[in-house]
Structures are given as structure tokens and as C-alpha cells.
Amino acid sequence: MTDARQYAPSAHRNRDLIRDQLASHWPASGTVLEIASGSGEHVVHLAPTAPHLTFQPTDPSAEARASIDAWVKTSALCKIHPALELDVTAEEWPIQQASMVLCCNMIHIAPWEATLGLMRGAGRVLTSGGKIWLYGPFIREGVETAEGNINFDVKLKGMDPRYGIRRLEDVADVAVGEGIGAPEVIEMPANNYLVSFARN
């Protein structure tokens, strides 16, 4: 039998860091909606730390969804639903309500429209006080951008001119427009950030 599981080196590097930071920020109940779950390694690593929650992974790629489901099957975790197809730019998402939205390493490798759709969708599905969490690199006003991130931004734009590391202030402006509050920022290793926005 073919093993559909994919392996993402970046997920392996950052999954413990994300898990440790989120440990004190899980909602009291409900569903955690993961956007762009990719290989599925994050969700099977995070879910055991919050057994009171249900996790809903998603990805627009059929191959990624097969990987997610394969990881979940191997892990034998019962509170992770089968992966759903979800395009963040769609006007309707396949899930109507979530107490947390989590999105790791997506907005810099997608067109700006994906960030707009992500915040618009989060504004629709998050329960009152629920948070959207973003993990990845950002450019921040008044904070010197690391040389590695400058080079990474050039590389991303070379892959697709619509890609690139986003200014946190621009993302925050979009969030406010969708009824989501100002960001709270946690500095992470390797010039990354974990940023949360709470739904008003």
C-alpha cells in the first residue's frame, strides 16, 4: 500500500515551537480550524496537547488532503476530522463556526488576495472572542528586517511576483476591516512571528 504521507522539513522544525506557545492559548471548547494544513504534520502534533478541542484541517490540494488524512490515520487521534477542501478566497467556507483559526506559513507564498480572503473568512466563522493565529515571517514597521528575510522575500518574488513577506501593519488593517482586533505578537526563532488577532 502506498503511503500518502508527505514530510515538510519546515513543519518538523517549527512544530514544537508553535505547540509550546499555543499551549496556554487554546480556547476553552469548540473547533480549531486549520487553514492550509499542508502535509498534516502540524495538526497531528498539536491535537494531543488540546484533547478538549476538535480539529478541522483543510487544504485546497487533493494531494495534501490525502497526506493529512494519512497522518491522522497513523496517529489514531479521534478528534481530528477528515481534511476538507477549502479555498480561502471563496465566499463560503465548508465550516460555519470555529473557536480558533490557525494558519501557518501561507500568506507569504500566496497572492495578497489569499490574505484578504483569510481575514474575511475568519471574520465570518470565528465565535466572539475567538482568535486567528498566523505563523511565519513578517515585515514590521520600526523593526529591522533580518537579512535572511530580505533574501527570502526576493526569492519568493522570483517564484511569483504576487508572493512576498507581508507587512504586519497591512495585515492588521485588513483584520480590522473584518471586525477582528489589533495583533498580539510573539517573537519566534529564525526571524518568524506568531501573531494573533481576536474577533471583536
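Let me start at Ser37, which sits in the loop between E1 and helix H2, residues 41-46. This is a predicted model, so please hear everything that follows as computed from a prediction. Is Ser37 buried or exposed? Its relative accessibility is 5%, and with the cut-off for buried at under 20%, Ser37 counts as buried. What is Ser37 in contact with, once its neighbours within four places in sequence are left aside? The contacts are Pro57, Thr58, Asp59 and Ile68.

Pro57 takes us to the next strand, since E2 covers 54-57. E1, residues 31-35, runs parallel to E2, and four bridges join the two.

In what order do the strands lie? The order is E2-E1-E3-E4-E6-E5, in an open sheet of six strands with mixed pairing. E2 and E5, the latter at 184-188, are the edge strands, and each of them pairs on one side only. On average, and ignoring direction, neighbouring strands are turned by 15 degrees against each other. As a reminder, strands of a sheet pair through backbone hydrogen bonds, either parallel or antiparallel.

Why describe E6 as largely enclosed by the rest of the structure? Because six of its seven residues are buried.

On to the helices that cover this sheet. Helix H4, residues 112-125, lies across E1, E3 at 98-104, E4 at 126-136 and E6 at 192-198. Relative to E4, H4 runs at about 150 degrees. Helix H6, residues 168-177, also packs on the sheet, where it touches E4, E5 and E6. The direction of H6 makes about 20 degrees with that of E6.

Which residues of H4 are buried? They are Ala114, Thr115, Gly117, Leu118, Met119, Gly121, Ala122, Gly123 and Val125. What do these buried residues pack against? They pack against E1, E3, E4, H6 and E6.

Asp160 lies between helix H5, residues 147-159, and H6. Its relative accessible area is 14%, and with buried meaning under 20%, Asp160 is buried. Asp160 and Asp20 are 140 residues apart along the chain, and their C-alpha atoms are separated by 33 Å.

Finally, the chain as a whole. There are six helices and six strands, and along the sequence they follow the pattern α-β-α-β-α-β-α-β-α-α-β-β. The radius of gyration is 16 Å, close to the 16 Å from the globule rule for 200 residues, so the chain is as compact as a globular protein of that length. Along the principal axes, the C-alpha atoms fill a box of roughly 45 × 40 × 30 Å.

How much of the chain is buried? Of the 200 residues, 48% count as buried. The chain exposes about 9700 Å², and 52% of that area is supplied by carbon and sulfur atoms. As for contacts with a separation of 6 or more, 75% of them come from residues 24 or more positions apart.

Terms used. Residues are numbered from 1 along each chain as its sequence is written. This is a predicted model: local features need pLDDT of at least 70, side-chain atom pairs count only at pLDDT 80 or more; totals for chains, interfaces and linings use all residues. Side-chain values use heavy atoms; hydrogens and water are left out. Two strands pair if DSSP finds at least two bridges between them. Axes are lines fitted to C-alpha atoms, for helices over the stretch in contact, and angles run from 0 to 180 degrees between N-to-C directions. Contact means heavy atoms within 4.5 Å. The radius of gyration is taken over C-alpha atoms; the globule rule is 2.2 Å times the number of residues to the power 0.38. Buried means under 20% relative accessible area, exposed over 50%, partly exposed in between (1.4 Å probe, protein chains only). Accessible areas come from the Shrake-Rupley method with a 1.4 Å probe; for residues, only the protein chains shown count as cover.
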